[in-house]
Amino acid sequence: MSRIRPQKFVHIVYRTRRFEQMLAWYQVVFDARVQYQNPALAFLTYDDEHHRFAFANLAVLQPDGIETDKQGLVGVDHVAYTYASLSDLFENYEQLKAKGIMPYWCVHHGMTISMYYVDPDGNQMEFQIDTFDSSEEANAFMCGPINAGNPIGVEYDPDDWLARIHAGAPASDFLVRRLHEPISPIRGALGSV
């Protein structure tokens with residue numbers, strides 16, 4: 001069986017104690033626009049992708065921390081790769097699971113269905129698929145009231161979804177995030193702050 005590979009690299013997430021300065025810098029350097037922002041999180045893009053950069057404000061998420069330099073949690077949170085289809089994402093999940101490699105977080109963000117993995121050095125990565133047919137639809141979701149009410153997403157059980165896929169459920173059964181509660185806690189390094 002041939003390995004399933006991502007279709008493209010899509011975004012990077014930064015943890016920062018210089019939230020406003022980072023947003024301003026990326027807006028200038030990449031001519032990026034803010035897609036969504038609250039005190040703890042911001043998502044920016046410079047093209048038709050719903051987000052190319054995300055920023056986690058450690059002043060809100062870890063208010064007792066004082067370091068501002070690249071120490072501890074400050075720095076890259078994760079990098080993300082898009083797969084061509086739900087089938088490819090879950091075939092990759094199945095292949096990695098057979099090798100003992102499991103995601104630490106599976107979440108339906110609304111504009112993506114995502115699985116997060118960590119490498120032996122602790123570097124985190126997101127494998128995802130886009131849930132909308134067009135960039136316009138994804139951008140509308142990102143800027144809309146549903147995302148504002150739950151910008152993190154809802155967790156799902158990948159084995160349950162895999163069984164449903166093997167049983168013949170169409171991809172359309174999974175793409176729309178029908179439940180917006182409970183809001184998933186953030187998992188991974190950022191979730192441990």
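A nonpolar patch on the surface is formed by W25, V28, V29, F30 and Y46, which together have about 520 Å² of accessible area. Patches take residues with over 30% relative accessible area and no salt bridge, joining like charges within 9 Å and nonpolar side chains (Val, Leu, Ile, Met, Phe, Trp, Tyr) within 5 Å; a salt bridge is a side-chain nitrogen of Lys or Arg within 4 Å of a carboxyl oxygen of Asp or Glu. Areas come from the Shrake-Rupley method with a 1.4 Å probe, and for residues only the protein chains shown count as cover.

The model is predicted: local features need pLDDT of at least 70 and side-chain atom pairs 80 or more, while totals for chains, interfaces and linings use all residues. Residues are numbered from 1 along each chain as its sequence is written, and side-chain values use heavy atoms, without hydrogens and water.

W25 lies in helix α1 (residues 19–29); helices (H or I, at least four residues) and strands (E, at least two) are DSSP runs, numbered from the N terminus. W25 counts as partly exposed because its relative accessibility is 48%, between buried (under 20%) and exposed (over 50%).

The structure holds 1 cavity of 30 Å³ or more. On a 1 Å grid over the protein atoms alone, a cavity is a set of points where a 1.4 Å probe fits but cannot get out, and lining residues have an atom within 4 Å of a point. The largest cavity has a volume of about 280 Å³, the space filled by probe spheres set on grid points joined across faces, edges and corners. Of its 24 lining residues, V13, F43, H78, H109 and Y116 are the closest to its centre. β4 gives the most to this lining, with 3 residues.

Methods
Buried means under 20% relative accessible area, exposed over 50%, partly exposed in between (1.4 Å probe, protein chains only). On a 1 Å grid over the protein atoms alone, a cavity is a set of points where a 1.4 Å probe fits but cannot get out, and a pocket is an open set with protein on both sides within 12 Å along at least five of seven lines; lining residues have an atom within 4 Å of a point.
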